[in-house]
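Visitor: I have a model open and would like to learn how to read it. Where do we start?

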Amino acid sequence: MKLESQKMEASHLEHVLKIEAECGKETWSKANILSELQKENSICLVAINPDSDAVLGHIFAYSVLDEAYINKVAVAKGSRGLGIGKFLVKIVLDKAVNLGLESVMLEVRQSNLAAISLYLGCGFCEVGRRTGFYKNPHEDAILMTFSTTNSSGKLSAK
Ligand SMILES: CC(C)(COP(=O)(O)OP(=O)(O)OC[C@H]1O[C@@H](n2cnc3c(N)ncnc32)[C@H](O)[C@@H]1OP(=O)(O)O)[C@@H](O)C(=O)NCCC(=O)NCCS
């Protein structure tokens, strides 16, 4: 599938909210997203099919000092398993490398095997757990880190 990434704009909001609604847990509201778009250090991207201009997924990340943090990645339900999540995560990892950051961090529900597998496949390692971090349902968070120094040279979008 042909994919392009674009900086998220207010015009993408309707599509991003639709994908958020499909995710069920930890969904972000319009206000959350607008506030994220305004932050100076945020990296908010959408994956687009250039033939149809359809928004197929999105990622929210930000950088602080020498680290980046991925807050969220989500793909439209009908487009999962096609490499779109990996495409978006790898763009953020490439940006972290290009910005000279040392690492990229994230938290993920322990039951979210699709996301954990995506992150492991992108070079993240489990570095810890936060017991009972998530509510509804109550669940541990797995902390994962991608080290730009250990992984440089390995990044290339599929
Ligand atoms: C997690 C999510 C973003 C993955 O996106 P995706 O576009 O379907 O994933 P990709 O097609 O890029 O798959 C990348 C890797 O993830 C893994 N993966 C993806 N879906 C999987 C599934 N259902 N079960 C197991 N592994 C899976 C595979 O290892 C795959 O590797 P491969 O390319 O070698 O096959 C998507 O399932 C989603 O939007 N889920 C709801 C939101 C969410 O949970 N976000 C993460 C927490 S913030």
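**Reading the fold and the ligand shell**

Guide: Start with contacts along the chain: in this predicted model, 58% of the protein's contacts with a separation of 6 or more are between residues 24 or more positions apart.

Visitor: How many helices and strands are in the protein?

Guide: The protein has five helices and seven strands. Read from the N terminus, their order is β-α-α-β-β-β-α-β-α-β-β-α.

Visitor: What radius of gyration does the protein have, and what would a compact globule have?

Guide: The value is judged against the chain length. A compact globule of 158 residues would have a radius of gyration near 15 Å, and the protein has 15 Å, so the two agree. Along the principal axes, the C-alpha atoms fill a box of roughly 40 × 40 × 30 Å.

Visitor: What share of the residues is buried?

Guide: Burial is read from the number of neighbours: a residue with 20 or more other C-beta atoms within 10 Å of its own is buried. Buried residues are 25% of the 158 in the protein.

Visitor: Which residues come nearest to the ligand?

Guide: There are 20 residues around the ligand, and Arg80, Gly85, Lys86, Ala114 and Leu118 come nearest.

Visitor: Which elements each supply at least two residues of that shell?

Guide: They are β4 (67-75), α3 (84-98) and α4 (113-121). The most comes from α4, which gives six residues.

Visitor: How do the shell residues divide into nonpolar, polar and charged?

Guide: The shell around the ligand holds 11 nonpolar, six polar and three charged residues.

Terms used: Residues numbered from 1 in each chain as written. Predicted model: local features only at pLDDT ≥ 70, side-chain atom pairs only at ≥ 80, totals over all residues. Helix = DSSP H or I, 4+ residues; strand = E, 2+ residues; numbered from the N terminus. Rg over C-alpha atoms; globule rule 2.2 N^0.38 Å. Buried ≥ 20, exposed ≤ 12 C-beta atoms within 10 Å, placed from the backbone. Contact = placed C-beta atoms within 7 Å. Near = placed C-beta within 6 Å. Nonpolar A, V, L, I, M, F, W, Y, C, P; charged D, E, K, R; others polar.
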